[in-house]
Amino acid sequence: MIVDWAVGEEMTSRILAELPYSRPDVIDRPGVYPPSVDSALLSRAVVGELKGAPPNQSVVELCAGSGIASIYAALTGAVVCAVDDRAEAVRAVAANAAANGVDVVAVQADVRVWMPVQPVDLLVANPPYVPAPHDTLDGHAWDAGPDGRAVLNVIVDRAPEILSAEGVLLLVFSDIAGVAEVVDRLATNGLAGSVVDEARLQFGPVTSERAGWLAERGLIEPGQTEERVVVVRAVRAAAV
Ligand SMILES: C[S@@+](CC[C@H](N)C(=O)[O-])C[C@H]1O[C@@H](n2cnc3c(N)ncnc32)[C@H](O)[C@@H]1O
């Protein structure tokens, strides 16, 4: 299946144009998720979080793809590590960071096992979140199990051991994957989370193609063509 990568390109450009940095040059590479609306929302949240923060904040981006959010974090002066399990993504992060004159440590690892050397101030991710029937094509960057939370759940469960005491978690995903379910799981892990940003957009080609199946499973309404992509910010419940 050919995927139209330029989902919501206009909205992506608009969000990134509002940020106080020039849009980083990110080269399109086969097999690497290109900056899209969700990437732009994560980038905006990262810049907002780091604005006015003490220098040298430690930032980790899980499921980094092209590394665009990591590049924005580095532009603010943070010390940044970007993690992805695909070699092509890790190569893209390194090349994109170099092309934009910033340092980002790019690591190839699965979110299920990766651990930082020290607790992290800001942990961010735009993971795969599209619900997928088991027999789907290779959609590693977006397919996330029958409920869309296969990778989200891992990150939510692991965040408490990765974050510093005052650390912040930023997650981007579609409401099709269940906002309440993610917030509830954060609470089970001692984290208080809420939606701090969102964008409403037309389904991209992958979700459109699956709309019938998603409706059959009750994950969307029949005939629905739009989704809400949200940014959830979470901190330790004790820190609220
Ligand atoms: C939706 S893309 C997001 C890319 C980038 N963060 C952005 O915002 O543009 C998801 C990324 O997660 C990576 N990924 C999927 N499963 C992973 C896993 N278990 N561990 C690490 N990375 C994973 C994919 O390779 C892909 O680059």
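**View 1. Helix α2 meets helix α3 in this predicted model.** From α2, the residues that take part in the contact are Ser 39, Leu 42, Ser 43, Val 46, Val 47 and Leu 50. Their partners in α3 are Ile 68, Ala 69, Tyr 72 and Ala 73. Sorted by kind, the residues of this contact are eight nonpolar and two polar, with no charged ones.

**View 2. Here is how the axes of α2 and α3 are arranged.** Helix α2 covers residues 37-50, and helix α3 covers residues 68-75. Their axes come within 9 Å and cross at roughly 20°. Angles under 35 degrees count as roughly parallel, so α2 is described as roughly parallel to α3. If you wonder about the hand of the crossing of α2 and α3, it is right-handed.

**View 3. Helix α1 packs with helix α2.** Helix α1 is made of residues 9-17, and its axis lies 8 Å from that of α2, at an angle of about 15°. That angle makes α1 roughly parallel to α2. The crossing of α1 and α2 is left-handed. On the α1 side you will find Met 11, Thr 12, Ile 15 and Leu 16. They meet Val 37, Ala 40, Leu 41, Ser 43 and Arg 44 in α2. The residues of this contact divide into six nonpolar, two polar and one charged.

**View 4. Now let us look at Met 11, a residue of helix α1.** Which residues does Met 11 touch, leaving aside those up to four places away in sequence? They are Val 37, Ala 199, Arg 200 and Leu 201. Take Val 37 as an example: Met 11 and Val 37 are 26 residues apart along the chain, and their C-alpha atoms are separated by 6.3 Å.

**View 5. The ligand sits among 17 surrounding residues.** The closest of them are Ser 39, Cys 63, Asp 84, Arg 112 and Asn 126.

How values were computed
Residues numbered from 1 in each chain as written. Predicted model: local features only at pLDDT ≥ 70, side-chain atom pairs only at ≥ 80, totals over all residues. Heavy atoms only, no water. Axes fitted to C-alpha atoms, helices over the stretch in contact; angles between N-to-C directions. Helix = DSSP H or I, 4+ residues; strand = E, 2+ residues; numbered from the N terminus. Parallel < 35°, antiparallel > 145°, perpendicular 65-115°, else oblique. Left-handed = near helix turned anticlockwise from the far one by under 90°. Contact = heavy atoms within 4.5 Å. Nonpolar A, V, L, I, M, F, W, Y, C, P; charged D, E, K, R; others polar. Near = heavy atom within 4 Å.
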